[in-house]
Amino acid sequence: MKKVTVLGGGIAGVEAAIHLRKKNFEVTVISNRDYVYIYPISIWVPTGEKTLQDVSVPLAKLAGKHGFRVIVDEVVSIRAAEGTVVLKTWGDYREFDYLVVALGASKLKPQGAAHTLSICGEPGEAAMLHERLETLVQRGQGQIAIGFGGNPQDQSAVRGGPAFEVMFNIDHFLRRRRLRQSFDLTFFAPMESPGARMGTKAVKKMGQMFETLGISTRFGRKIVRFEPDGVVFEDGSVLASDLTMFIPAGAGQKVLRDSGLPLSTAGFIEIDDYCQVPGFDHIYAIGDSAAMRGPEWKAKQGHLAEVMARNVAHNIAVRESGGQNFLGYEEHVGILCVMDSGNGAAYVERDARHEKMILMPFFGHWLKKSWGVYYKLSKMDKIPRLPGM
Ligand SMILES: Cc1cc2nc3c(=O)[nH]c(=O)nc-3n(C[C@H](O)[C@H](O)[C@H](O)COP(=O)(O)OP(=O)(O)OC[C@H]3O[C@@H](n4cnc5c(N)ncnc54)[C@H](O)[C@@H]3O)c2cc1C
């Protein structure tokens with residue numbers, strides 16, 4: 001039985017491990033967390049609707065169900081040419097015929113980032129957002145600023161959707177507590193039209209929602225730094241804030257820098273349509289770690305990470321059997337998300353042919369919640385998987 005090692009036990013790594021096991025490979029997942037963190041449903045942690053435990057699944061449970069091995073350790077470097085992965089505790093690790101890199105992305109560090117919390121960073125930050133929000137609620141008033149930044153070297157690494165979701169959820173949370181009138185909420189981003197990759201309809205509807213809910217905006221101003229009590233912009237203006245939630249754009253993981261793997265300018269691993277790394281026929285990269293190809297509005301998303309993961313399991317199996325019917329990811333590049341607002345959601349879909357945004361009051365919120373339940377149960381094979389999910 002050929003051995004495949006998957007680096008990273010996130011959304012992409014777990015999906016790859018499950019599908020590689022279905023193809024009868026001997027699979028090891030190496031990850032620095034002993035759980036998969038389901039980022040898309042972590043948006044409810046700041047408002048206390050979910051705990052960190054609710055949005056995680058222990059890797060040991062998944063491993064027991066599907067028969068893969070888990071090593072909880074930190075990847076400190078990769079020497080691709082000699083087929084070695086260096087782990088913090090284990091040391092040099094070479095027990096694989098194929099390597100699948102699914103380490104996710106790192107985050108850019110703007111000046112003063114320590115004065116912000118991100119919903120897209122370490123899971124503990126989501127819990128801290130909840131604590132800080134509760135403290136403000138106890139105080140009875142405050143100023144909350146929520147925003148996201150860009151990476152000029154890779155537009156696909158920008159993560160704006162969750163910033164909108166957290167903002168709308170906090171607005172809804174404060175209304176439920178009858179405190180909304182005592183809080184100033186401001187959404188900020190350096191681009192003129194944040195959310196543009198979701199399409200023009202989405203941007204328009206988002207603008208209307210901000211207006212209806214009385215959420216101020218500061219768009220098109222470069223962020224210079226964060227301070228304990230606010231955000232300083234290039235034009236010298238300051239946005240006062242008691243709580244700043246900021247999602248920096250992504251970049252490639254530091255451990256990839258000296259790996260010898262081909263990297264994009266933003267540090268992501270170059271791949272072909274089959275997720276294989278050029279020049280390394282036994283190495284694949286999937287999910288947020290990989291440099292995506294596609295239209296300029298493309299975005300790193302979980303649904304695409306899972307397509308890549310399933311394709312890689314298929315492609316390695318095909319290769320082993322001497323076949324040629326490899327599967328590509330590029331035809332699946334598109335934006336697909338249910339953007340939650342606490343009491344409803346917007347369904348956003350964009351591909352090469354069309355863009356749509358459908359508002360789903362009330363029902364949308366429960367649809368997204370149901371997806372979280374579906375994710376957990378289907379990964380444990382407790383319910384059948386829907387086609388393509
Ligand atoms: C708040 C939020 C909401 C989102 N909502 C949606 C949505 O609604 N729809 C959608 O499609 N996408 C959504 N996304 C995007 C989606 O979550 C990501 O695209 C997806 O998680 C990528 O999966 P991944 O496995 O590549 O990376 P990750 O899920 O980040 O997993 C990477 C894994 O690698 C591990 N790791 C990292 N470095 C090391 C190291 N040095 N050594 C060992 N292990 C390491 C990490 O611990 C982690 O387990 C959202 C993202 C966020 C943050």
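This is a predicted model: local features need pLDDT of at least 70, side-chain atom pairs count only at pLDDT 80 or more; totals for chains, interfaces and linings use all residues.
Local features need pLDDT of at least 70 and side-chain atom pairs count only at pLDDT 80 or more, while totals for chains, interfaces and linings use all residues. Residues are numbered from 1 along each chain as its sequence is written, and side-chain values use heavy atoms, with hydrogens and water left out.

**Helix 3**

- Helices (H or I, at least four residues) and strands (E, at least two) are DSSP runs, numbered from the N terminus.
- The buried residues (under 20% relative accessible area, 1.4 Å probe, protein chains only; exposed is over 50%, partly exposed in between) of helix 3 are Pro123, Ala126, Leu129, Leu133, Leu136 and Val137.
- They lie on the same side of helix 3, because they cover an arc (of the directions from the helix axis to the C-beta atoms) of only 135° around the axis.
- Exposed residues Glu131, Thr135 and Gln138 are on the face turned away from the buried side of helix 3.

**Aromatic pairs**

- Rings of Phe, Tyr and Trp (its six-membered ring) pair if their centres lie within 6.5 Å; planes under 30 degrees apart are stacked, over 60 edge-to-face and the rest tilted.
- The count by this rule is 18 aromatic pairs.
- Tyrosine 35 and tyrosine 37 pair edge-to-face, at 6.4 Å centre to centre and 75° between the planes.
- Phenylalanine 188 and phenylalanine 246 are stacked, because their ring centres are 5.9 Å apart and their planes are at 10°.
- This pair links phenylalanine 188 in strand 12 to phenylalanine 246 in strand 17, 58 residues apart.
- Both phenylalanine 188 and phenylalanine 246 are buried.
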